Number of protein chains: 2
Amino acid sequence: MRICFIGDSYVTGTGDETCQGWVGRLCAMERQAGYDVTPYNLGVRGQTSRDIAVRWHAETLPRLAGRHDGGVVLSFGVNDCTATAHGLPRVPHDESIATAQQILQQARQTWPVLVIGPTPVGRASPDDRTRALSHAMAGLCAQLDVPFLSVWNPLLAHPSWCAEIAHGDGAHPAGGGYAALARIIHGWPAWRKWMGPLP
Amino acid sequence: MRICFIGDSYVTGTGDETCQGWVGRLCAMERQAGYDVTPYNLGVRGQTSRDIAVRWHAETLPRLAGRHDGGVVLSFGVNDCTATAHGLPRVPHDESIATAQQILQQARQTWPVLVIGPTPVGRASPDDRTRALSHAMAGLCAQLDVPFLSVWNPLLAHPSWCAEIAHGDGAHPAGGGYAALARIIHGWPAWRKWMGPLP
């Protein structure tokens, strides 16, 4: 499969000393198990749902158009929930959900789509808002029949994720956190349906 | 620095079992030496200079616009030189050079630009044409005062590059070949100027 991974700095893998991020680590596991996967990492640091809505289709087309093995994985939301100088989120909750709905409705017309929920950083702001957004995205995806994976509780419970964020730039983990996230997605049945059974 | 790496499957890292490719391996070496670099891998499999001319600017803007630490690294040409069913190259030599000139002239107005020459596969076709294209691109870059790195001879001389291509899909090396290419670029003075002195 050729897969466009579209999102923000967590998709890019900011902070990962191997420059793989969860996308590269996940796809490396699959390749090493013999599954043929070409990841296109289309994460952009700092982007909200608004920014992603503008570019996701234009960037997916030259990578997947005319092919029968394409897929789209979306993951965003943390930047929407980050506070501006006025204490308000960069994107209001309802707008984030409306934008996600618009992206998903368009994407699923052409490609199989998966959504990975937004991630915690280990502080009440933006986590309180991000957790609410993750819940709402789960509901939206259920309505649209798009598989959604909440990574919230497993990442909060993992020894590396929040610890590496706290020791890093305050927002991004290092390789251990990204490896943990990759393993969570690796075992997700909706992802396994794309790749094949666990080796 | 935030750097857009724009090109074809060799930029994507097709065949690399770690999904890093030379871009990820190069930037991982820099990060682990303490240099702050965010790579955006904008390689797309199968693309020629024509395809890249259409999208490079639209994809670079959302990643680098408004920043003072952006850079663009371009690498393409092998697909231009690949033969069609009629035995002709997918893109004629003169058109490849004209397109490269157009991209470079536009890119250097806004960002610092580096060019990595196209790579051999170890067979007369497309290598005879690709070598000629690499030479012509070197001349074009000299005219435009854009740093150009020929990787032709070092890759042909390296024990992994062509051997891994022959044992792989006939076009792409595995991790050893990409690691060799990353090390060649790692020591290039024009690249070091962007990062800083070798550790």
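Predicted model: local features only at pLDDT ≥ 70, side-chain atom pairs only at ≥ 80, totals over all residues.
Student: What makes strand E3 (residues 70-75) of chain A and strand E4 (residues 113-116) of chain A a pair?

Tutor: Two strands pair if DSSP finds at least two bridges between them, and E3 and E4 of chain A have three bridges, so they count as a pair, in the parallel sense. Residues are numbered from 1 along each chain as its sequence is written, chains are lettered from A and ligands numbered from 1 in the order in which they are written, and side-chain values use heavy atoms, with hydrogens and water left out.

Student: Why are E2 (38-43) and E5 (148-149) of chain A said to stand at the edges?

Tutor: The five strands of the open sheet in chain A run in the order E2-E1-E3-E4-E5, with parallel pairing. E2 and E5 of chain A each have a single partner strand, so one side of each has no neighbour in the sheet.

Student: What order do the strands of chain B take?

Tutor: The open sheet of five strands in chain B has the order E2-E1-E3-E4-E5, with parallel pairing. Strands E2 (38-43) and E5 (148-149) of chain B are at the edges, each with a single partner strand. In chain B, three bridges join E3 (residues 70-75) to E4 (residues 113-116), and B:Leu74 stands opposite B:Val115 in E4(B).

Student: What rotation superposes chain A on chain B?

Tutor: A rotation of 180 degrees, with 0.0 Å of shift along its axis and an RMSD of 0.0 Å. That is the relation of a two-fold axis.

Student: Why can you say the copies meet through the same surface?

Tutor: Of the interface residues of chain A, 100% are also interface residues in chain B, so the copies meet through the same surface. Contact here means heavy atoms within 4.5 Å, and 28 residues from chain A and 28 residues from chain B take part. The two chains bury about 2100 Å² between them, 49% of it on carbon and sulfur atoms (accessible area, 1.4 Å probe, lost on being put together and summed over both). A:Cys19, A:Arg31 and A:Arg45 supply 27% of what chain A buries against chain B, more than any other three residues.

Student: What makes B:Glu59 and A:Arg63 a salt bridge?

Tutor: The rule asks for a side-chain nitrogen of Lys or Arg within 4 Å of a carboxyl oxygen of Asp or Glu. For B:Glu59 and A:Arg63 the closest N and O atoms are 2.8 Å apart, so the pair qualifies. Chain A and chain B have two salt bridges between them. Helix H2 (21-32), E2 and helix H3 (49-64) of chain A each supply at least two residues of the side that touches chain B, and E2(A) gives the most, with six residues.

Student: Which parts does the salt bridge of A:Arg192 and A:Glu30 tie together?

Tutor: The closest N and O atoms of A:Arg192 and A:Glu30 are 2.9 Å apart. A:Arg192 is in helix H10 (residues 189-195) of chain A and A:Glu30 in helix H2 of chain A, so the pair links parts 162 residues apart in sequence. Over all chains, a search finds 14 salt bridges.

Student: What sets the backbone at A:Cys19 apart?

Tutor: Its phi is near 60 degrees, a positive value in a residue other than glycine. A:Cys19 sits in the loop between helix H1 (9-12) and H2 of chain A.

Student: Which peptide bond at A:Pro126 is cis?

Tutor: The bond from A:Ser125 to A:Pro126, with omega near 15 degrees. A:Pro126 lies in helix H6 (residues 124-144) of chain A. In chain B, the bond from B:Ser125 to B:Pro126 is cis, with omega near 15 degrees.

Notes:
Least-squares fit on C-alpha atoms with pLDDT ≥ 70 in both. Helix = DSSP H or I, 4+ residues; strand = E, 2+ residues; numbered from the N terminus.
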